[in-house]
Amino acid sequence: MENCSAFEDPYGFNFYLSVWLAIGIFVSYVPQHVRIIRRKTSEGISPYFLLLGITSGVCALFNILLISNNIYECCSILSGGKCFAASLAIIQIFIQSVAAALILVFALIFTRNQRLEPKEDYFELVQVGKSCLTFSVIGGALSIYIYFFNPSAVGFVADSFGILGSILAAIQYFPQIYTTLHIQHAGSLSIPMMCMQTPGGFAWSFSLAMREGTKWSSWMPYFTAAFLQGILLAIAVYFELRNKRRAKTISESTETTENTPLILP
């Protein structure tokens, strides 16, 4: 196929960058997963942040699946390695969507009936889970119908998913920024995760933009998310450093008081 010529020599710089990013995307979420499992509380993580983040990822996944028809056709004639290289954008977004959803899954599993997890907070997590599942099922059903039974609308629906994903990605960080500003510490939010994801998000946006067959609606959600995540990271780091300084000052003040001899009249 003539349209497959772009995939005939895929092993350039963007291929290795894409593979590195695919691995990095999953690894970057591990600190957040581990932090929730260890702390057994979702304290400091806004349920709306999870809701908007997961649905944004789902939108991005449906977007890339709908616009990748050329890749599906070319994979029938390409070698396994070349098909893998051509499909890296899909693989990356799938990994991101699953890893983001696992934050909620682990929160639901490991914070249930825990002393540090208020019942009302856990109830909100359950509602978020139901909402995300409903959104995914409806979006998946719509995508399947459009792809197989109304292909002329694929471009419009894919762009709609991309735009919606960008909007959700843009606003997802505002409730989390508010939560972090309100409690004035990171809580169960993982700073190492954000340290990896913020620069990685910009690199990923660039990688997606450079890939054959992707559109602006595929990379814009991740560029937007990376920018706002950088702001959240700065806020979280500020509070953590400030709180450590305050704790150190209080500790030193306490030691000084204890070591001061009593002067009897």
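**Disulfide, helices and aromatic pairs in a predicted model**

Analyst: In this predicted model, Cys 75 is joined to Cys 83 by a disulfide, with the two sulfur atoms 2.0 Å from each other.

User: Ok, and what is the handedness of the disulfide of Cys 75 and Cys 83?

Analyst: The disulfide is right-handed, because the torsion about the S-S bond of Cys 75 and Cys 83 is about 95 degrees.

User: How many disulfides does the count come to, and where does that leave Cys 132?

Analyst: The count comes to one disulfide. Cys 132 takes part in no disulfide, since the nearest cysteine sulfur, which belongs to Cys 59, is 11 Å away, and a pair would have to lie within 2.5 Å to count.

User: Is Cys 132 buried or exposed?

Analyst: Cys 132 has a relative accessible area of 6%, so this residue is buried, the cut-off being under 20%. Cys 195, by contrast, has a relative accessibility of 41% and therefore counts as partly exposed.

User: Let's step back to the fold. What does the secondary structure of the chain come to?

Analyst: The chain has nine helices and zero strands, so that reading along the sequence gives the pattern α-α-α-α-α-α-α-α-α. Along the principal axes, the C-alpha atoms fill a box of roughly 100 × 40 × 25 Å, and 45% of the 265 residues count as buried.

User: Which residues does the UniProt "transmembrane region" annotation cover?

Analyst: The unreviewed UniProt entry places that annotation on residues 15-36, 48-72, 84-110, 131-148, 154-174, 186-207 and 219-239. Taking two of these spans in the model, residues 48-72 are 92% helix and 0% strand, with end C-alpha atoms 35 Å apart, while residues 186-207 are 77% helix and 0% strand, with end C-alpha atoms 30 Å apart.

User: What about α2, what span should it have?

Analyst: Helix α2 runs over residues 47-66, and at 1.5 Å a residue its 20 residues should span 28 Å, which agrees with the 29 Å between its end C-alpha atoms. Helix α2 is also mostly covered, as 17 of its 20 residues are buried.

User: Now α8, where does it bend?

Analyst: Helix α8 bends by about 30 degrees at Gly 200. Its 20 residues, 191-210, should span 28 Å at 1.5 Å a residue, and the end C-alpha atoms are 29 Å apart, which agrees.

User: What caps the N-terminal end of α8?

Analyst: The cap is Ser 190, which has a side-chain oxygen 3.2 Å from the backbone nitrogen of Met 193.

User: Which residues of α8 are buried?

Analyst: They are Ile 191, Met 193, Met 194, Gln 197, Thr 198, Gly 200, Gly 201, Trp 204, Ser 205, Ser 207 and Leu 208.

User: I'm curious about Gln 197, what is its relative accessible area?

Analyst: Gln 197 has a relative accessible area of 13%, so it is buried. Its C-alpha atom is separated by 9.5 Å from that of Ala 225, 28 residues away along the chain.

User: Switching to aromatics, how many pairs does the structure hold?

Analyst: The structure holds nine aromatic pairs. One of them is the edge-to-face pair of Phe 15 and Tyr 16, whose centres are 5.1 Å apart with 80 degrees between the planes; Phe 15 counts as buried at 11% relative accessibility, whereas Tyr 16 counts as exposed at 53%.

Analyst: Phe 202 and Phe 223 also form an edge-to-face pair, at 5.5 Å centre to centre and 75 degrees between the planes.

User: What does the pair of Phe 202 and Phe 223 tie together?

Analyst: Phe 202 lies in helix α8 and Phe 223 in helix α9 (residues 216-259), so the pair ties together parts that are 21 residues apart in sequence. Phe 202 counts as partly exposed at 34% relative accessibility, and Phe 223 counts as partly exposed at 38%.

User: Which residues form an aromatic cluster?

Analyst: Tyr 72, Tyr 147 and Phe 148 form one aromatic cluster.

Conventions: Residues are numbered from 1 along each chain as its sequence is written. This is a predicted model: local features need pLDDT of at least 70, side-chain atom pairs count only at pLDDT 80 or more; totals for chains, interfaces and linings use all residues. Side-chain values use heavy atoms; hydrogens and water are left out. Helices (H or I, at least four residues) and strands (E, at least two) are DSSP runs, numbered from the N terminus. The expected span of a helix is 1.5 Å times one less than its number of residues. The bend at a residue is the angle between axes fitted to the seven residues ending there and the seven starting there. Buried means under 20% relative accessible area, exposed over 50%, partly exposed in between (1.4 Å probe, protein chains only). A polar contact is a pair of N or O atoms within 3.5 Å; within protein, one must be able to donate a hydrogen and the other to accept it, and residues adjacent in sequence count only if both atoms are side-chain atoms. UniProt positions are given in the numbering used here, feature names are shortened, and annotations may be inferred rather than shown by experiment. Rings of Phe, Tyr and Trp (its six-membered ring) pair if their centres lie within 6.5 Å; planes under 30 degrees apart count as stacked, over 60 as edge-to-face and the rest as tilted.
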